[in-house]
Structure formats: structure tokens, C-alpha cells
Amino acid sequence: MMDGYINVLKPPGMSSGAVVAIVKRAAREKAGHAGTLDPEAAGVLPVMVGRATRLFDFLVEKQKTYLAEIAFGAATDTQDAQGTVIETGGSIPGFAAVQAVLPQFTGTVMQRPPIYSALKQGGQPLYKLARKGQTADIPARPIEIMRIDALTRTPRNGCLLRVACGRGTYIRTLCHDIGQALACPAHMRFLLREQTGAFDLSTAVTIEQIKAAGAEGTLGQYLIAPDAPLPHLARYDVPERYAKLCMNGVRLRADEWPCHVPCGGYTRLYVQDRFTGISQAAADGTLVPCVVFNNNQEGCTQA
């Protein structure tokens, strides 16, 4: 059984679903992506494999890092280079002007998601409404942008930006909004996700590498351990005398094993240094199993 994550370097022009299908065939296991990436964007796309799919709710995506190219002089209906141009003109801002406007987009700011997005309204994805020529009232919502750096000018009125932000941030909308702030229509020409949560480019592998390893039966060389992106959860090493109970998903009583995790908090469980799952601390101090890796249960048992 293959359990863990394949950190995929997604190429532009491929959907996140298509990437998952390739990993699933190569691993011969169930799989799912840990956070989608727009088809035209490239970069880090972690794919959960095997029983690691049970851990999705425990992954932290507090910070993402993107390398983006903003193109000045034209705005599009999708806010990226794949859309139809809807506005042109304006005075192309200099590099210093771009640098000067970026601080107003850092911190907690309000952002209105684009109409061409997978967000749903009335149960229907917004992009489907947009393709039908329909409009939608999309309220602005708070996002967190930790830092934006203007790196260099690029050909054809572009500028390369590096953005560190929280989840839910639309970089193409950020590019559009920066253009508005500079009184010059703009869109996102290119996007590379360099990091999401615990995954970054240093461990990413290409689609070609995954296909080759799948054919050779060596995909395990790229597998990242299921607990690797979970250091934010407290660790408990289960005493040997309670190992069987733990691996069978038995609730551990407070008098057997005092729990110092706050009520409602989660902890990683280990037996002889082997990751065996996640439990949640109950009000009575017991540990209630949420995910157990050492039994035959399917799915996740929720506390």
C-alpha cells in the first residue's frame, strides 16, 4: 500500500483533476489534490495518495507563495492572459510606481473574487454563469497578503512579482486591482505557485517523472510521508502497553494516558516511532480517534 503525498510540478494548460488522474494511474491507489491550481497556472500541486487522502482536513495552507507576471496596458474578462481584452490604454507605470503602490495591497485587505472562478452561487460555479453571459453579485471578502515584492520589469510592459499570501487569494484579481490603483488596465500574464503549506518546489516532480516511475514501479521514491506536513499538530508517542488499543482505534481514557492537548485540539499518534493516525482531545481528557492508519476501516472516523 502506498500512503503519502506526491508533490507535483504542474505544467500550465493542465487541470488539477488531470494531474490527480495521472498520479492515480501511476500509484494504482486512490488520490486527490490538496488544494486546486488554475489550469493555466504552473507550480506546486500536492496530491494525496492512498490513506493520506484521509488527512486533507488536517493540512495547513496558511501561506502560499507565487511568482506572477503582471502585464500593463490591457484588462481581460478573466483577469489573465487567456481572457478577452475588455479595456486598453492608460499610461504604463514605471517600476518605481509599481513598487510604491504595493504596500496598500498588503495585510488584511478586501478582495472581490473574479466571475471566472470555481466559487459557487446558487449551487452553480461562477465561471458557468459567466460563459452564459450572466452576471453575479460577488461580495468582497477579506484576504491576507503577507508580502509583495516587485522583482524586475519584463518585456511587453510587464513586471514580475513575488506574493506571499493566505488561502483564498486570487493573484489574477490582485494584478487587476494593482492596475486599477495605477490607473492603467492590467492582467496576469503568468503564474507559478512556488509553495503551498509545507510543500515547495524543492520536492516537486514533473508529470514525466511520475509517468516513468509508475511504469517502472518506482513511484515510492517520490512519496512524502503522510505526517510530513503535520508538524503543527502536537506529537504523542503511545506507550507500548497501549499500542494495540491505539492501532485498533480505541479511545484512550484519561486515567490510562493523560492528555495535555486543549479540548478540541488534535494530536499525531506514534507507536514505536511509526505514525498511526490522529486523535482529538475530548472535554474529559480522553483522546478520540479521528484517523487510524492501522486498521481496515475505510475513510475517516470523526470524533
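Guide: This is a predicted model. Let us begin with the pockets. For an open site, look at what lines the space and where in the fold the lining comes from. In the second largest pocket, helix H4 (residues 171-181) gives the largest share of the lining, four residues.

Visitor: What is the volume of the second largest pocket, and how many residues line it?

Guide: Its volume is about 180 Å³, and 13 residues line the second largest pocket. Gln79, Arg112, Pro113, Pro114 and His176 lie nearest its centre. By class, the lining has five nonpolar, five polar and three charged residues.

Visitor: Is H4 largely enclosed or largely open?

Guide: For a helix, count its buried residues. H4 is largely enclosed by the rest of the structure, because eight of its 11 residues are buried. The buried set is Ile171, Arg172, Thr173, Leu174, Cys175, His176, Ile178 and Gly179.

Visitor: Which elements cover the buried residues of H4?

Guide: The cover includes helix H2 (95-101) and several strands, among them E4 (64-72), E7 (107-111), E10 (141-154), E11 (158-165) and E12 (186-196). After H4 comes Ala183, with a positive phi near 55 degrees.

Visitor: How should I read a nonpolar core?

Guide: In soluble globular proteins, nonpolar side chains tend to be buried together. Here the largest nonpolar core has 45 residues, and Phe72, Leu161, Ile171, Ile178 and Ile210 touch the most other members. Helix H1 (residues 16-27) gives the most to this core, six residues. Another core, of 18 residues, lies apart from it and includes Tyr5, Ala52, Leu230 and Leu233.

Visitor: What does Leu161 touch, leaving out residues up to four places away in sequence?

Guide: Its contacts are Tyr66, Leu67, Ala68, Ile70, Val98, Leu102, Asp149, Ala150, Leu151 and Ile178.

Visitor: Is Thr276 buried or exposed?

Guide: Thr276 lies in strand E16 and has a relative accessible area of 1%, so it counts as buried, the cut-off being under 20%. Setting aside residues up to four places away in sequence, Thr276 touches Cys246, Met247, Leu269, Tyr270, Val271, Val291, Val292, Phe293 and Asn294.

Visitor: How many disulfides does the whole structure hold?

Guide: The search finds zero disulfides. Look at the cysteines one by one as well: Cys165 is buried at a relative accessible area of 0%, and Cys290 is buried at 1%.

Visitor: What do the totals for the protein look like?

Guide: The protein has six helices and 17 strands. Of its 303 residues, 50% are buried. Among contacts with a separation of 6 or more, 67% join residues 24 or more positions apart.

Definitions and conventions. Residues numbered from 1 in each chain as written. Predicted model: local features only at pLDDT ≥ 70, side-chain atom pairs only at ≥ 80, totals over all residues. Heavy atoms only, no water. 1 Å grid on protein atoms, 1.4 Å probe; cavity = no way out; pocket = protein on both sides within 12 Å on 5 of 7 lines; lining within 4 Å. Points joined across faces, edges and corners; volume = space filled by probe spheres on them. Helix = DSSP H or I, 4+ residues; strand = E, 2+ residues; numbered from the N terminus. Nonpolar A, V, L, I, M, F, W, Y, C, P; charged D, E, K, R; others polar. Disulfide = S-S within 2.5 Å. Buried < 20%, exposed > 50% of the residue type's maximum accessible area, 1.4 Å probe, protein only. Core = buried A, V, L, I, M, F, W, Y, C linked by side-chain atoms within 4.5 Å. Contact = heavy atoms within 4.5 Å.
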